[in-house]
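Thank you for making time this morning. I would like to take you through one model, so please have the sequence and the structure open while I talk.

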Amino acid sequence: RCKITPSGVQSSPPRRLYIDLAVISRHDAGTGIQRVVRALALAIREEGAEEWDIRFVTADRHRPYHSISWPDASVIVDHAEIEGRPGDLFIGLDFSLDTVRRYRRQLTRFRNDGGHLWFLIFDLLPVERSDWFSPNNVLRYKAWLDTIVGLAEGFLCISDQTERDLQRVLAVRYGLTSGYRTAVVAMGYDIRESLLDPTSAEGPASPARFDMSLPFSLMVGTLEPRKGHADILAAFSALWRQGADDRLVLVGRLGWHVEDLRDAIKAHPEYGGKLLWFDDVDDLELERIYKACHGVIIASHAEGFGLPLIEALGHDKSVLARDLPIFRVHEELGLHYFPADTSSCELGDCIRQWIENARAGRIKVARPSASWKASAQGLLLAIA
C-alpha cells in the first residue's frame with residue numbers, strides 16, 4: 001500500500017528485508033558462527049531501519065518461514081508467512097542447512113514474485129575437505145549448497161579467502177562463472193556488540209572458575225580436527241615435561257572426530273592444573289577470559305576467517321597463529337606465526353619464545369579497525 005507524503009505525492013512502502021534466524025532463534029549455542037549471526041542481525045536492525053522494513057524470520061518442521069519477535073519476545077509482530085514482492089530481499093544470515101532445503105519451494109516463490117535472495121557463506125570446507133567433518137554434516141552442507149546455488153542472486157562472504165573459495169567451488173562443482181554476485185563483509189570483533197541484552201554486562205560478574213591472575217595461553221573454538229588442538233597439546237606436553245609452568249586454557253564445545261583428543265585431555269596428568277578445558281562458556285565469561293590471558297593461539301589448518309584471532313586483537317592480546325594465507329592478512333596488526341608443518345618440539349620452542357615475549361610486553365599489537373556497525377553498513381550497501 002502506498003503512503004501519502006506531506007506534499008501529497010504517493011511514496012512506495014519501504015522494501016522488506018527478511019533476515020533468516022532459523023537456528024539461533026531456537027537455540028543459541030554460543031559458537032563463533034552464532035556470535036557473528038547475532039552481532040550482524042542486531043547491527044543490521046540499527047543501521048538499516050530508515051531504508052528497510054526489517055523483519056527477522058524463522059521456520060521449523062511444522063511451519064514455513066514467518067516473522068518472529070526477536071530478540072525481544074514481548075514485541076508484537078505479524079507472524080504471517082513471508083511472501084515476496086518486487087524489491088523485497090531475503091538474507092540467509094543463519095547457518096540454516098536443513099531449513100533452507102526444506103522450504104525451497106517457498107523461497108522459490110519469493111524469488112518468482114520479485115524478491116531477491118542472498119546467503120552468508122562462512123567457508124567451503126565441508127566440500128573441499130570433507131574428511132574433517134562428519135559424513136552427515138557433509139551431506140547436509142552439500143544439499144544446502146546445491147539449494148542456495150539455485151536460488152541466490154548473491155553471496156556474502158566473511159573474507160576474501162572465502163570469496164575466492166566460493167568462486168572456485170561454483171566453477172568446478174556447478175560450472176558457474178557468472179550470473180551471481182559476491183561481496184565481502186568485514187567481521188567485527190567486539191563481543192559486547194553481539195549481546196542480546198547489553199545491560200547484562202553491567203551487573204556483577206559470576207565467580208571465576210579458575211585463577212585468572214596467573215598467566216595462561218588461550219585457545220577458542222570447537223574441538224574439531226581442523227582446529228589443531230592436538231598439535232598444541234603435544235607441544236605444551238613437551239614443555240611441561242621440561243618443567244615449564246605455562247598454562248593452557250581451552251574454550252570450546254566438543255565437536256566431531258576428536259574422541260582421542262577428548263580422552264587425551266581428560267587423562268592428561270596436567271588436566272585440572274596447567275591444562276584446563278571449558279565447554280560451556282557464555283559470551284560474557286569468554287570476554288573475561290580474553291581480557292585475562294596473555295595471548296591467544298590459533299592453530300587451525302584452514303579457516304574461512306578465524307573469529308578468535310580478531311577478537312583477541314580487539315582485546316589487545318598477542319596472537320600466535322599457524323602460518324596460513326588467511327592469517328597473513330592480519331600480519332601488520334602484530335601477529336606472530338609458527339610454521340604450518342612443524343614438529344612438537346619445534347612448535348614448543350615457538351610457543352615458549354612467544355610466551356616469554358608476550359609476558360615481557362615485547363609484542364606490540366594493534367586493534368582491528370572493523371566493527372559490527374561497519375560490517376552491517378557494508379552488507380546493506382552490497383545488497384542495495
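Predicted model: local features only at pLDDT ≥ 70, side-chain atom pairs only at ≥ 80, totals over all residues.

Residues are numbered from 1 along each chain as its sequence is written, and side-chain values use heavy atoms, with hydrogens and water left out.

Let me begin with the core. A nonpolar core here is a set of buried Ala, Val, Leu, Ile, Met, Phe, Trp, Tyr and Cys residues joined through side-chain atoms within 4.5 Å, and buried means under 20% relative accessible area, with exposed over 50% and partly exposed in between, using a 1.4 Å probe and protein chains only. The largest such core has 38 residues, and L17, L21, L93, L156 and I383 are those with the most contacts inside it. Two or more residues each come from β3 (15–20), α1 (32–47), β4, β6, β7 (116–121), α10 (307–314) and α13 (372–383), and α1 gives the largest share, 8 residues. These element names refer to DSSP runs numbered from the N terminus, helices being H or I of at least four residues and strands being E of at least two. As background, nonpolar side chains tend to be buried together in soluble globular proteins.

Next, the aromatic rings. Rings of Phe, Tyr and Trp (its six-membered ring) pair if their centres lie within 6.5 Å, and planes under 30 degrees apart count as stacked, over 60 as edge-to-face and the rest as tilted. The whole structure contains 15 aromatic pairs. One of them joins Y65 and F90, edge-to-face, at 5.2 Å centre to centre with 75° between the planes. Y65 lies in the loop between β4 (52–58) and β5 (66–67), whereas F90 lies in strand β6 (residues 89–92), so this pair ties together parts that are 25 residues apart in sequence. Both Y65 and F90 are buried. F210 and F216 make another edge-to-face pair, at 5.2 Å centre to centre and 80° between the planes, and both F210 and F216 are buried. Ring pairs also link Y18, Y65, F90, Y103, F110 and F119 into a cluster.

The charged end of R129 sits over the ring of W132, 3.9 Å from its centre, and the charged end of R328 sits over the ring of Y337, 3.9 Å from its centre.

Where is empty space left? Rolling a probe the size of a water molecule over the atoms shows this. On a 1 Å grid over the protein atoms alone, a cavity is a set of points where a 1.4 Å probe fits but cannot get out, a pocket is an open set with protein on both sides within 12 Å along at least five of seven lines, and lining residues have an atom within 4 Å of a point. Points are joined across faces, edges and corners, and a volume is the space filled by probe spheres set on them.

The second largest pocket holds about 360 Å³, and of its 18 lining residues the closest to the centre are S159, D160, F305, V329 and H330. Both α6 (160–174) and α11 (325–328) supply at least two residues of that lining, with the largest share, 3 residues, coming from α6.

As for cavities, there is 1 of 30 Å³ or more.

Finally, the backbone. The peptide bond from W70 to P71 is cis, with omega near 5°, and P71 lies in the loop between β5 and β6. H257, although not a glycine, has a positive phi of about 60°, and H257 is placed in the loop between β11 (248–251) and α8 (259–266). D316, also not a glycine, has a positive phi of about 60°, and D316 sits in the loop between α10 and β14 (318–322).

Methods: Lys NZ or Arg CZ within 6 Å of the ring centre and 35° of its normal.
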